[in-house]
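Please look through the structure below with an eye to its sheet, its pocket and a few details of its backbone. The paragraphs after it take these topics in turn.

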Amino acid sequence: MMSEIDSILPLELDGIGFGVQGRALLGGIGLRLEAGSRTIVLGPNGAGKSLLLRICHGLLAPTEGSLRWGGAGRPLPDQVVRRRQAMVFQRPVLLRRSALANIRYVLGLIGLPRRQRQTVAMEALDRFGLAELAGRPARVLSGGEQQRLALARAWVVEPDVLFLDEPTSSLDPAATLAVEMAIHEFHAAGAKIVMTTHDLGQARRLADEVVFLSRGRLVEVSSASRFFKGPATPQARAFLAGELVC
């Protein structure tokens with residue numbers, strides 16, 4: 001059952017850093033993620049994009065700084081935060097069971113009564129074009145089908161925030177289009193989208209806001225229209241020009 005809290009957003013990051021064995025991989029990240037807009041995280045390889053998403057999602061704890069869901073003065077219980085967000089990875093993490101059972105399992109975790117799980121799971125599969133594959137083992141599906149299954153599984157959680165880490169990087173154009181259409185559905189349903197991509201065409205199609213990282217630092221935050229028309233920083237200009245970012 002949904003919490004009486006309207007949304008877990010905004011998410012405020014204050015001085016977020018992450019290091020391993022004395023090596024700083026992220027540092028000094030200050031960012032506020034608001035509801036509504038689609039935020040695309042860009043940057044060269046090794047910039048810290050995936051790491052930032054994992055910290056926001058709660059898979060990793062920062063070694064510096066703090067995260068606060070719900071804005072100032074609204075501390076939220078951890079179980080509420082976990083329940084109201086979802087993440088889809090570059091390579092979907094799927095259970096060794098059927099496509100349908102993957103979704104039924106998540107519905108059990110969120111407490112949906114057992115008698116309702118079959119119907120809700122089938123509705124989710126149908127929404128993402130997978131109804132005919134309900135009984136097929138999830139791990140034998142094609143890459144595009146697996147990614148849509150991961151999105152269907154996230155859909156039933158009704159997340160306030162959907163994190164996506166390079167969700168189409170290994171997909172062909174048709175599968176990429178299907179995933180992008182699914183992302184539009186999440187956005188239309190009110191979910192905040194926070195996504196990494198290396199595909200600048202995709203970023204132009206999907207972004208309302210761009211967060212640009214380089215060498216583990218937050219370099220620029222801008223509206224998508226302003227960023228792609230003329231970024232404010234030399235690192236971002238070099239990135240868009242296909243040059244080596246220093």
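What follows is a walk through a predicted model, beginning with a sheet and ending with individual backbone features.

Three strands make up an open sheet, arranged in the order 2-1-4 with antiparallel pairing. Strand 2, which covers residues 23–33, and strand 4, which covers 64–69, stand at the edges with a single partner strand each, so that one side of each has no neighbour in the sheet. From one strand to the next, the twist averages 20 degrees. The antiparallel pairing of strand 1 (residues 11–20) with strand 4 runs over five bridges, and within these two strands Leu13 stands opposite Leu67, the latter belonging to strand 4. Helix 1, made of residues 49–57, packs on this sheet and touches strand 1, strand 2 and strand 4, while its direction makes about 120 degrees with that of strand 1.

The peptide bond that joins Leu9 and Pro10 is cis, with an omega of about 5 degrees.

The largest pocket holds about 640 Å³ of space. Its lining consists of 21 residues, and those that lie nearest the centre of the pocket are His57, Gln85, Ala86, Met87 and Val106. Which elements each supply at least two residues of this lining? They are helix 2 (78–83), strand 5 (85–88), helix 3 (99–109) and helix 5 (143–155), and strand 5 gives the most, with four residues.

Glu166, in the loop between strand 6 (161–165) and helix 6 (173–188), has a phi near 50 degrees, which is a positive value in a residue other than glycine. Arg215, placed in the loop between strand 8 (209–214) and strand 9 (217–223), likewise has a positive phi near 50 degrees without being a glycine.

Is each of these side chains' residues buried or exposed? Glu166 counts as buried because its relative accessibility is 8%, and the cut-off for that class is under 20%. Arg215, by contrast, has a relative accessible area of 66% and is therefore exposed, a class that begins over 50%.

Definitions and conventions. Residues are numbered from 1 along each chain as its sequence is written. This is a predicted model: local features need pLDDT of at least 70, side-chain atom pairs count only at pLDDT 80 or more; totals for chains, interfaces and linings use all residues. Side-chain values use heavy atoms; hydrogens and water are left out. On a 1 Å grid over the protein atoms alone, a cavity is a set of points where a 1.4 Å probe fits but cannot get out, and a pocket is an open set with protein on both sides within 12 Å along at least five of seven lines; lining residues have an atom within 4 Å of a point. Grid points are joined across faces, edges and corners, and a volume is the space filled by probe spheres set on the points. Two strands pair if DSSP finds at least two bridges between them. Axes are lines fitted to C-alpha atoms, for helices over the stretch in contact, and angles run from 0 to 180 degrees between N-to-C directions. Contact means heavy atoms within 4.5 Å. Buried means under 20% relative accessible area, exposed over 50%, partly exposed in between (1.4 Å probe, protein chains only).
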